[in-house]
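Biologist: I would like to go through this structure with you. Please show it, and I will ask how you know things.

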Amino acid sequence: MVFGRVKTSVVVVLALLAVGAFILAGCGGGDEGPAGRSGTVQVLLTDVPLSDVTEVHVHIVRIELVSEGEGPVVLLTDDDLPDDIELIALSQQPMPLGEPLVEPGSYNQVRLILSDEVGANWILDGEGVRHDLTVPSGAQTGAKLVTGQFEVVAEQMVTLLIDFNAAASVHQAGASGQWIMRPTISAAVVSADELDFAAISGTVLDEEGNPLEVPEGELLGVFIETPLGALEVAEVDPESGEFQIPAILAGAYDLKIMYADADWNPVGDPLQFHLEGEADLLTALAISLEADEVLELSLVVATSVE
């Protein structure tokens with residue numbers, strides 16, 4: 001099923017494992033760093049589909065972890081990573097990128113360094129036409145993800161979840177028509193039991209059962225605040241009123257309906273709505289998602305509010 005533009009989520013899961021030798025042996029041996037037992041970083045990627053962009057290809061040349069007051073620690077290099085990663089194809093199955101060892105210590109930032117070679121990053125639009133994707137500063141400073149300080153401790157697990165909102169990051173420049181990626185990424189430390197995914201889909205209609213009229217230059221979206229403090233956003237199809245978020249972490253969220261500009265910045269206040277068949281008006285709907293659950297919602301926006 002194809003909807004309007006969906007703010008995609010590329011989820012990079014960095015599982016920082018300070019583990020014993022029996023695990024390290026499966027990851028290249030039982031080497032120990034200067035501070036004692038090394039940790040292991042499991043890196044996964046996932047994404048959800050778009051409609052006006054059918055493929056987003058990136059070449060990640062390096063993933064780094066930054067410690068407080070120290071230089072970056074390289075997790076994965078170009079030799080470890082695929083030359084081409086098609087993000088949208090990862091909607092159903094995350095891609096494991098590697099499990100490098102990590103020295104225990106304090107860390108506060110992750111960086112994704114993208115290739116600056118012409119043609120290394122590109123998109124395929126809805127018409128099947130390929131366009132090079134420019135990533136300003138992608139090869140120099142990379143995409144910086146500030147997480148707040150966290151510790152990697154020997155024989156304990158820390159999971160760092162990185163949410164890469166690909167569709168919010170990719171846009172076409174006005175007069176030039178050039179496609180540009182300015183990565184929109186957030187990160188947070190989560191517990192391992194939060195790494196289960198669910199899905200949300202449904203409709204947003206007015207009280208007469210029709211799709212809402214969307215002001216020119218704006219989008220209508222279903223906004224869901226994530227545990228990262230970021231937003232998952234699915235555009236409501238202006239012709240059918242349908243929306244879909246095929247991959248979101250299981251957990252508790254607040255759902256809002258809002259207009260947004262072309263970069264998915266909210267415009268105005270949340271709309272008042274109610275669940276179909278219920279009378280209570282809401283500006284935010286509390287939802288709770290279980291692992292592998294597909295939540296279907298019929299949302300009715302109040303077009304006349306006293």
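Biologist: Which residue stands opposite I180 in β18?

Modeller: T134 stands opposite I180. Keep in mind that this is a predicted model.

Biologist: What makes β14 and β18 a pair?

Modeller: Two strands pair if there are at least two bridges between them. β14 and β18 (residues 179-181) are joined by two bridges, so they pair. They run parallel.

Biologist: How do you know that β13 and β14 pair?

Modeller: Three bridges join β13 (residues 122-125) to β14 (residues 130-134). At least two are needed, so these strands pair as well. They run antiparallel. In one of the bridges, L124 has R130 in β14 as its partner. The two strands form a hairpin, with four residues between them. In the turn, G128 has a positive phi of about 85 degrees.

Biologist: What places R130 over the face of W122?

Modeller: The charge must be within 6 Å of the ring centre and within 35 degrees of the ring normal. R130 is at 3.9 Å from the ring centre and lies over the face of W122.

Biologist: Why is L87 called buried?

Modeller: Buried means under 20% relative accessible area. L87 has 2%, so L87 is buried. L87 is found in the loop between β9 (85-86) and β10 (95-98). Its C-alpha atom is separated by 7.1 Å from that of E55, 32 residues apart along the chain.

Biologist: Which residues have the most contacts inside the largest nonpolar core?

Modeller: They are I200, V204, L255 and L299. That core has 27 residues. Another core, of 26 residues, lies apart from it and includes I88 and W179.

Conventions. Residues are numbered from 1 along each chain as its sequence is written. This is a predicted model: local features need pLDDT of at least 70, side-chain atom pairs count only at pLDDT 80 or more; totals for chains, interfaces and linings use all residues. Side-chain values use heavy atoms; hydrogens and water are left out. A nonpolar core is a set of buried Ala, Val, Leu, Ile, Met, Phe, Trp, Tyr and Cys residues joined through side-chain atoms within 4.5 Å. Buried means under 20% relative accessible area, exposed over 50%, partly exposed in between (1.4 Å probe, protein chains only).
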